[in-house]
Amino acid sequence: MTLAAGAIAAAFALLLGTSAHNPGLEQRVLTDSLDSPVSMAVAPDGRVLVCEQGGHVRMVRAGRLLARPCFQAPTVADHEEGLLAVAFDPDFARDHWVYLLYTVAQPVRHERLTRVTISGDTALANSEQVLFELDAHTDRTHVGGALHFGEDGMLYVSTGENGAGEQSQDLRSTHGKILRLRRDGSIPEDNPFFDMLVGRHRAVYARGMRNAFSFDIQPGTGRIFVNDVGADSVEEVNDVVAGGNYGWPIEEGSHGTGAYLPPIHTYTHREGCAITGGAFYAARRPRLPRRWLGDYFYADYCASEIRAINPGAPMARRLVLRTVRAGPVDLRVAADGALLYLARGNTDVTGGPHSSRGSLVRVSTLERSRDPRH
């Protein structure tokens, strides 16, 4: 390779972030202008909504971050509180509904689930509807949470135990749980604890989570893989079922008593510190190697890595890539089959808004037409 060709190749790698571990992949930074991003959702038409912890819902269209926020959630953001999650309605093309989960201060600090109507790239004025109120916070850490619609058309919500481990086991608390709701915020009568609970707690679908920061639902099967952020030593992925109890705070990691459902995948803090984004790679038109089709991808925040597990043999993992932006917090499959990851830009575990300028990055197989070696 000539000196000139080498310089061109080096500049190309810097621009696209080609992966040393998987050199056939490129990481294309779509934007570096996000303020403390937490989560995202992808519309059927390819647009991406990003939650900034301080309350802005940002729109990315055709790979470009729009200057005007789509919506401003009236949230309070501190440590791990703030705007946490966003989801498109399954029938978004018709009803234009978007769901949000965020912290509010009144009458006490707690999480609120709402729905807004999108027109074009912004929310309609006065369209926000409050659907569900979660229990009062006991701390400003381990809040969760994520939103996804299941194969059954129900909306699933993940939460953390809010700094009080005993709340994970208490069915009279929404903390440390997976919740299941209808799209209007009402509670399905076939929820596993519906007949033994009252009020909002009838929404409890599964319990025993420390900080269920992210999860995804496998297309076709409806399996729910939940990333539960660990304490001092172990991170875990749980295969969540109705009525399941995943052991926190009594047990963590590979449980030994048989009293609780064990995780399907674990790793220690020698290999990372916090399991964050998760996504099943079920693209119709794959933009990643086909060997990853059907795998579950997850990210570790401190290692700045994305890894893959086979749902049929989940304890083993493969390294997909090391991210070109630090602190990945969410993963989604783009409408065109690429993988998207959202990164905060650092690995500061204290959280809070204004911590960095965050990034949205697109991962796909290297396009030969863009490679200066061809």
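## Asp78 and its partner

In this predicted model, Asp78 is partly exposed, with a relative accessible area of 23%. Asp78 takes part in a salt bridge with Arg140, and the closest N and O atoms of the two residues are 2.8 Å apart. Arg140 sits in the loop between β11 (129-136) and β12 (144-149), while Asp78 sits in the loop between β6 (71-72) and β7 (83-88), so this pair ties together parts that are 62 residues apart in sequence. Arg140 also counts as partly exposed, at 36% relative accessibility.

## A pair with a buried aspartate

Another salt bridge is formed by Arg183 and Asp95, whose closest N and O atoms are 4.0 Å apart. Here too distant parts of the chain are linked, because Arg183 belongs to the loop between β14 (177-181) and β15 (204-207) and Asp95 to helix α2 (residues 92-95), 88 residues apart. Asp95 has a relative accessible area of 9%, which lies under 20% and therefore makes this residue buried, whereas Arg183 is partly exposed at 28%.

Arg172 forms a salt bridge with Asp170, with 3.5 Å between the closest N and O atoms. Arg172 is exposed, with a relative accessible area of 63%, while Asp170 is partly exposed, with a value of 28%. Elsewhere, salt bridges that share partners join Asp45, Arg47, Arg61 and Asp121 into one network.

## The whole structure

Side chains of opposite charge can pair when their charged atoms come close. The structure holds 26 salt bridges, among them the pair of Arg140 with Asp78 and the pair of Arg183 with Asp95.

Definitions and conventions. Residues are numbered from 1 along each chain as its sequence is written. This is a predicted model: local features need pLDDT of at least 70, side-chain atom pairs count only at pLDDT 80 or more; totals for chains, interfaces and linings use all residues. Side-chain values use heavy atoms; hydrogens and water are left out. A salt bridge is a side-chain nitrogen of Lys or Arg within 4 Å of a carboxyl oxygen of Asp or Glu. Helices (H or I, at least four residues) and strands (E, at least two) are DSSP runs, numbered from the N terminus. Buried means under 20% relative accessible area, exposed over 50%, partly exposed in between (1.4 Å probe, protein chains only).
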